[in-house]
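I opened a new structure today and kept notes as I went. Here is what I looked up.

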Amino acid sequence: MAERDPYQVLGVSRDASDAEIKKAFRKLARQYHPDRNEGSANAEARFKEVQSAYDKIGSAEARRKHQQEQMFGGFGGGGNPFGGRGGFGGMGGMEDVLSQMFGRSAAGAQQRGAGMGQRPVQERGHNATCWLDLTPEEAKTGGSFRIAYTQLIPGSHGSIDRKKRTLNVTVKPNTNHGKEIRLKDQGHGHPRGVNGDLIVKIRVDPGEGCRWDGDRVVKEVEVPYSTLVLGGKVTVTLPDGVKGKITIPPLSQVGDRQRVKNIDIEFILAEIEKLDESQKDAIRQLRDLGL
(Lines give C-alpha, C1' and ligand atoms only; values in the text may rest on other atoms or scores of the structure.)
Protein backbone atom coordinates (compact mmCIF):
# COMPACT_ATOMS: atom_id res chain seq x y z
CA MET A 1 0.00 0.00 0.00
CA ALA A 2 1.35 3.40 -0.98
CA GLU A 3 2.11 5.87 1.78
CA ARG A 4 -0.42 8.63 2.28
CA ASP A 5 0.53 12.20 1.60
CA PRO A 6 2.02 13.60 4.87
CA TYR A 7 0.00 16.83 4.53
CA GLN A 8 -3.19 14.78 4.39
CA VAL A 9 -2.09 12.65 7.33
CA LEU A 10 -1.62 15.73 9.50
CA GLY A 11 -4.65 17.53 8.07
CA VAL A 12 -2.76 20.66 7.01
CA SER A 13 -2.44 22.54 3.74
CA ARG A 14 0.77 22.60 1.72
CA ASP A 15 1.15 26.25 2.67
CA ALA A 16 0.96 25.55 6.41
CA SER A 17 3.50 27.25 8.65
CA ASP A 18 5.96 25.37 10.87
CA ALA A 19 3.85 26.29 13.91
CA GLU A 20 0.65 24.99 12.34
CA ILE A 21 2.25 21.68 11.32
CA LYS A 22 3.69 21.22 14.80
CA LYS A 23 0.33 21.97 16.41
CA ALA A 24 -1.46 19.46 14.18
CA PHE A 25 1.19 16.83 14.93
CA ARG A 26 0.94 17.30 18.70
CA LYS A 27 -2.83 17.06 18.63
CA LEU A 28 -2.84 13.83 16.61
CA ALA A 29 0.07 12.35 18.58
CA ARG A 30 -1.86 12.85 21.81
CA GLN A 31 -5.00 11.40 20.27
CA TYR A 32 -3.37 8.22 18.97
CA HIS A 33 -0.61 7.67 21.53
CA PRO A 34 -0.61 3.98 22.57
CA ASP A 35 -0.69 4.94 26.26
CA ARG A 36 -4.07 6.59 25.72
CA ASN A 37 -5.55 3.79 23.61
CA GLU A 38 -5.01 0.69 25.73
CA GLY A 39 -2.78 -1.11 23.26
CA SER A 40 -5.03 -0.60 20.22
CA ALA A 41 -3.21 -1.84 17.12
CA ASN A 42 -5.06 0.64 14.92
CA ALA A 43 -4.13 3.55 17.20
CA GLU A 44 -0.50 2.43 17.25
CA ALA A 45 -0.40 2.24 13.44
CA ARG A 46 -1.99 5.67 13.17
CA PHE A 47 0.49 7.07 15.70
CA LYS A 48 3.41 5.77 13.64
CA GLU A 49 1.89 7.23 10.47
CA VAL A 50 1.53 10.63 12.15
CA GLN A 51 5.13 10.50 13.40
CA SER A 52 6.40 9.54 9.94
CA ALA A 53 4.43 12.38 8.33
CA TYR A 54 5.89 14.92 10.75
CA ASP A 55 9.41 13.63 10.07
CA LYS A 56 8.82 14.38 6.36
CA ILE A 57 7.39 17.92 6.64
CA GLY A 58 8.06 19.08 10.20
CA SER A 59 10.78 21.53 9.16
CA ALA A 60 11.50 23.69 6.13
CA GLU A 61 14.51 21.52 5.24
CA ALA A 62 12.46 18.33 5.52
CA ARG A 63 9.72 19.81 3.32
CA ARG A 64 12.21 20.79 0.62
CA LYS A 65 13.61 17.26 0.60
CA HIS A 66 10.10 15.79 0.46
CA GLN A 67 9.14 18.07 -2.44
CA GLN A 68 12.24 17.04 -4.39
CA GLU A 69 11.43 13.38 -3.82
CA GLN A 70 7.88 13.97 -5.05
CA MET A 71 9.25 15.18 -8.40
CA PHE A 72 10.26 11.60 -9.09
CA GLY A 73 7.49 9.80 -7.21
CA GLY A 74 5.62 8.85 -10.35
CA PHE A 75 8.56 6.84 -11.60
CA GLY A 76 8.97 4.52 -8.63
CA GLY A 77 11.53 4.50 -5.84
CA GLY A 78 15.22 3.83 -6.05
CA GLY A 79 17.90 5.12 -8.34
CA ASN A 80 16.35 3.81 -11.57
CA PRO A 81 13.06 5.61 -12.29
CA PHE A 82 12.17 3.06 -14.96
CA GLY A 83 12.16 0.12 -12.52
CA GLY A 84 13.81 -3.21 -13.23
CA ARG A 85 17.52 -3.90 -13.00
CA GLY A 86 18.78 -1.25 -15.36
CA GLY A 87 18.37 0.53 -18.65
CA PHE A 88 15.07 0.27 -20.53
CA GLY A 89 14.71 -3.48 -20.07
CA GLY A 90 14.84 -3.94 -23.85
CA MET A 91 14.46 -1.44 -26.68
CA GLY A 92 10.88 -2.50 -27.45
CA GLY A 93 9.56 -0.33 -24.64
CA MET A 94 11.61 2.72 -25.57
CA GLU A 95 8.68 4.84 -26.77
CA ASP A 96 6.57 4.13 -23.68
CA VAL A 97 9.47 4.89 -21.38
CA LEU A 98 10.26 8.19 -23.08
CA SER A 99 6.60 9.15 -23.03
CA GLN A 100 6.29 8.49 -19.28
CA MET A 101 9.53 10.16 -18.33
CA PHE A 102 9.95 13.09 -20.68
CA GLY A 103 6.54 13.97 -22.06
CA ARG A 104 5.65 13.25 -25.66
CA SER A 105 7.59 10.41 -27.24
CA ALA A 106 10.83 11.15 -29.01
CA ALA A 107 10.25 7.99 -31.03
CA GLY A 108 6.84 9.36 -32.03
CA ALA A 109 8.46 12.54 -33.24
CA GLN A 110 10.81 10.57 -35.46
CA GLN A 111 7.88 8.64 -36.93
CA ARG A 112 5.91 11.80 -37.67
CA GLY A 113 8.86 13.37 -39.50
CA ALA A 114 10.10 10.26 -41.32
CA GLY A 115 9.48 10.09 -45.04
CA MET A 116 7.40 13.26 -45.10
CA GLY A 117 10.12 15.78 -45.72
CA GLN A 118 8.90 17.63 -42.66
CA ARG A 119 10.85 18.93 -39.73
CA PRO A 120 10.20 16.81 -36.62
CA VAL A 121 8.23 18.46 -33.84
CA GLN A 122 10.56 19.82 -31.15
CA GLU A 123 10.32 17.65 -28.05
CA ARG A 124 10.54 19.11 -24.55
CA GLY A 125 11.23 17.60 -21.15
CA HIS A 126 8.85 17.93 -18.23
CA ASN A 127 8.69 21.18 -16.32
CA ALA A 128 10.36 21.16 -12.90
CA THR A 129 8.82 22.89 -9.89
CA CYS A 130 10.30 24.42 -6.77
CA TRP A 131 9.14 26.74 -3.98
CA LEU A 132 10.67 30.02 -2.92
CA ASP A 133 9.84 30.96 0.67
CA LEU A 134 9.75 34.70 1.38
CA THR A 135 8.98 36.87 4.37
CA PRO A 136 6.25 39.51 3.86
CA GLU A 137 9.01 42.15 3.78
CA GLU A 138 10.95 40.30 1.05
CA ALA A 139 7.78 39.88 -1.03
CA LYS A 140 7.06 43.60 -0.69
CA THR A 141 10.53 44.85 -1.64
CA GLY A 142 11.41 42.12 -4.17
CA GLY A 143 14.99 41.38 -5.22
CA SER A 144 17.22 38.52 -6.31
CA PHE A 145 16.98 35.23 -4.42
CA ARG A 146 18.90 31.96 -4.62
CA ILE A 147 16.94 28.77 -5.26
CA ALA A 148 18.02 25.13 -5.29
CA TYR A 149 16.33 22.22 -7.05
CA THR A 150 17.01 18.84 -8.64
CA GLN A 151 17.00 18.46 -12.42
CA LEU A 152 16.53 15.16 -14.24
CA ILE A 153 19.03 14.70 -17.07
CA PRO A 154 18.86 11.72 -19.52
CA GLY A 155 21.97 9.59 -19.34
CA SER A 156 23.23 6.71 -21.43
CA HIS A 157 21.35 3.41 -21.87
CA GLY A 158 18.16 4.78 -20.39
CA SER A 159 19.68 5.96 -17.13
CA ILE A 160 18.62 9.17 -15.44
CA ASP A 161 21.04 11.52 -13.72
CA ARG A 162 19.87 13.80 -10.90
CA LYS A 163 21.69 17.11 -11.00
CA LYS A 164 21.62 19.50 -8.07
CA ARG A 165 21.28 23.04 -9.39
CA THR A 166 21.20 26.52 -7.92
CA LEU A 167 19.95 29.62 -9.72
CA ASN A 168 19.14 33.24 -8.98
CA VAL A 169 15.56 34.31 -9.54
CA THR A 170 14.34 37.90 -9.65
CA VAL A 171 11.18 38.67 -7.71
CA LYS A 172 9.31 41.88 -8.52
CA PRO A 173 8.25 44.23 -5.69
CA ASN A 174 4.79 43.61 -4.17
CA THR A 175 4.74 39.99 -5.32
CA ASN A 176 1.77 38.03 -3.94
CA HIS A 177 1.67 34.57 -2.42
CA GLY A 178 1.10 31.94 -5.10
CA LYS A 179 2.79 33.90 -7.88
CA GLU A 180 4.62 31.69 -10.39
CA ILE A 181 7.85 32.62 -12.14
CA ARG A 182 8.80 30.61 -15.23
CA LEU A 183 12.49 30.11 -16.06
CA LYS A 184 12.71 28.88 -19.64
CA ASP A 185 14.68 25.70 -20.43
CA GLN A 186 15.75 25.18 -16.81
CA GLY A 187 13.51 22.16 -16.18
CA HIS A 188 14.01 18.43 -16.77
CA GLY A 189 15.87 17.23 -19.83
CA HIS A 190 14.68 15.23 -22.83
CA PRO A 191 16.81 12.52 -24.52
CA ARG A 192 16.08 13.89 -28.01
CA GLY A 193 14.91 17.43 -27.37
CA VAL A 194 15.26 20.47 -25.16
CA ASN A 195 14.73 21.01 -21.47
CA GLY A 196 11.36 21.85 -20.00
CA ASP A 197 10.90 25.00 -17.93
CA LEU A 198 11.39 25.58 -14.21
CA ILE A 199 8.30 26.87 -12.42
CA VAL A 200 9.19 28.79 -9.25
CA LYS A 201 6.20 29.17 -6.91
CA ILE A 202 6.27 31.99 -4.39
CA ARG A 203 5.26 31.10 -0.84
CA VAL A 204 4.94 34.08 1.52
CA ASP A 205 5.06 33.37 5.25
CA PRO A 206 1.53 34.21 6.51
CA GLY A 207 2.68 34.73 10.10
CA GLU A 208 2.77 32.79 13.35
CA GLY A 209 -0.16 30.40 13.69
CA CYS A 210 -1.59 31.31 10.26
CA ARG A 211 -2.00 29.48 6.96
CA TRP A 212 -2.99 30.30 3.41
CA ASP A 213 -6.37 29.28 1.99
CA GLY A 214 -6.15 30.32 -1.64
CA ASP A 215 -5.33 34.02 -1.51
CA ARG A 216 -6.65 34.53 2.02
CA VAL A 217 -4.73 34.28 5.29
CA VAL A 218 -6.47 32.17 7.92
CA LYS A 219 -5.75 32.18 11.66
CA GLU A 220 -7.41 29.69 13.97
CA VAL A 221 -8.74 30.76 17.36
CA GLU A 222 -9.83 28.29 20.01
CA VAL A 223 -13.37 28.85 21.26
CA PRO A 224 -14.93 27.00 24.23
CA TYR A 225 -18.00 24.97 23.33
CA SER A 226 -20.20 27.07 25.60
CA THR A 227 -19.13 30.24 23.79
CA LEU A 228 -19.81 28.68 20.40
CA VAL A 229 -23.34 27.84 21.48
CA LEU A 230 -24.23 30.87 23.64
CA GLY A 231 -22.00 33.49 22.02
CA GLY A 232 -19.44 35.67 23.73
CA LYS A 233 -16.01 37.19 23.26
CA VAL A 234 -12.57 35.66 22.78
CA THR A 235 -9.13 37.25 22.55
CA VAL A 236 -7.25 37.08 19.25
CA THR A 237 -3.60 37.92 18.59
CA LEU A 238 -2.92 38.92 14.99
CA PRO A 239 0.40 38.15 13.22
CA ASP A 240 1.55 41.76 13.75
CA GLY A 241 1.21 41.28 17.52
CA VAL A 242 -1.97 43.34 17.92
CA LYS A 243 -4.40 41.82 20.42
CA GLY A 244 -8.14 42.37 20.57
CA LYS A 245 -11.46 40.72 21.31
CA ILE A 246 -13.89 39.49 18.72
CA THR A 247 -17.54 38.66 19.27
CA ILE A 248 -18.66 35.08 18.65
CA PRO A 249 -22.32 35.00 17.53
CA PRO A 250 -24.63 32.50 19.28
CA LEU A 251 -24.96 29.08 17.65
CA SER A 252 -21.66 29.42 15.80
CA GLN A 253 -20.11 26.32 14.26
CA VAL A 254 -16.59 24.99 14.17
CA GLY A 255 -15.08 26.28 10.93
CA ASP A 256 -17.05 29.54 10.87
CA ARG A 257 -14.92 32.58 10.05
CA GLN A 258 -14.84 36.25 10.84
CA ARG A 259 -12.83 38.86 8.90
CA VAL A 260 -10.41 41.01 10.93
CA LYS A 261 -7.83 43.27 9.22
CA ASN A 262 -7.73 41.19 6.01
CA ILE A 263 -7.32 37.98 8.03
CA ASP A 264 -9.95 35.26 8.30
CA ILE A 265 -10.37 34.24 11.93
CA GLU A 266 -11.54 30.61 11.93
CA PHE A 267 -13.30 29.13 14.97
CA ILE A 268 -12.01 25.80 16.25
CA LEU A 269 -13.10 23.95 19.37
CA ALA A 270 -10.85 24.59 22.36
CA GLU A 271 -8.97 21.45 23.41
CA ILE A 272 -9.86 20.00 26.81
CA GLU A 273 -6.98 18.32 28.63
CA LYS A 274 -8.80 17.49 31.87
CA LEU A 275 -12.26 17.81 33.45
CA ASP A 276 -13.06 18.15 37.13
CA GLU A 277 -16.13 16.50 38.63
CA SER A 278 -18.31 19.60 38.48
CA GLN A 279 -17.58 20.00 34.77
CA LYS A 280 -18.35 16.33 34.17
CA ASP A 281 -21.65 16.71 36.01
CA ALA A 282 -22.55 19.74 33.90
CA ILE A 283 -21.79 17.85 30.69
CA ARG A 284 -23.85 14.88 31.84
CA GLN A 285 -26.78 17.20 32.47
CA LEU A 286 -26.40 18.65 28.97
CA ARG A 287 -26.35 15.15 27.55
CA ASP A 288 -29.52 14.28 29.45
CA LEU A 289 -31.13 17.40 27.97
CA GLY A 290 -30.21 16.33 24.46
CA LEU A 291 -27.21 18.64 23.96
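**Entry 1: ground rules.** I am working with a predicted model, where local features need pLDDT of at least 70, side-chain atom pairs count only at pLDDT 80 or more, and totals for chains, interfaces and linings use all residues. Residues are numbered from 1 along each chain as its sequence is written, and side-chain values use heavy atoms, with hydrogens and water left out.

**Entry 2: two helices.** I looked up helix α2 (residues 18–32) and helix α3 (residues 41–57). Helices here are DSSP runs (H or I, at least four residues), and strands are runs of E (at least two), numbered from the N terminus. The α2 and α3 axes are 9 Å apart, and the packing angle is about 165°. That makes α2 roughly antiparallel to α3. The label applies to angles over 145 degrees, on a scale from 0 to 180 degrees between N-to-C directions. The crossing of α2 and α3 is left-handed, which means the near helix is turned anticlockwise from the far one by less than a right angle.

Next I listed who makes the contact (heavy atoms within 4.5 Å). From α2 I noted Ile21, Lys22, Phe25, Leu28, Ala29 and Tyr32. From α3 I noted Ala43, Glu44, Arg46, Phe47, Val50, Gln51, Tyr54 and Ile57. By class, the contact of α2 with α3 has ten nonpolar, one polar and three charged residues. Asp, Glu, Lys and Arg count as charged; Ala, Val, Leu, Ile, Met, Phe, Trp, Tyr, Cys and Pro count as nonpolar; the others count as polar.

**Entry 3: a ring pair.** How many aromatic pairs are there (ring centres within 6.5 Å)? I found one. Phenylalanine 25 and tyrosine 54 are stacked (planes under 30 degrees apart). Their centres are 4.3 Å apart, with 15° between the planes. The pair links distant parts of the chain: phenylalanine 25 is in α2, tyrosine 54 is in α3, and 29 residues separate them.

**Entry 4: histidine 177.** I found histidine 177 in the loop between β3 (160–171) and β4 (180–183). Is histidine 177 buried or exposed? It is buried, because its relative accessible area is 15%. Leaving out residues up to four places away in sequence, histidine 177 touches Asp15, Ile202, Arg203, Val204, Trp212 and Gly214. I also checked arginine 203: it is 26 residues from histidine 177 along the chain, yet their C-alpha atoms are separated by 5.2 Å.

**Entry 5: histidine 66.** Histidine 66 lies in helix α4 (residues 60–71). Its relative accessible area is 5%, so histidine 66 is buried.

Note on methods. Parallel < 35°, antiparallel > 145°, perpendicular 65-115°, else oblique. Phe/Tyr/Trp six-rings, centres within 6.5 Å; stacked < 30°, edge-to-face > 60°. Buried < 20%, exposed > 50% of the residue type's maximum accessible area, 1.4 Å probe, protein only.
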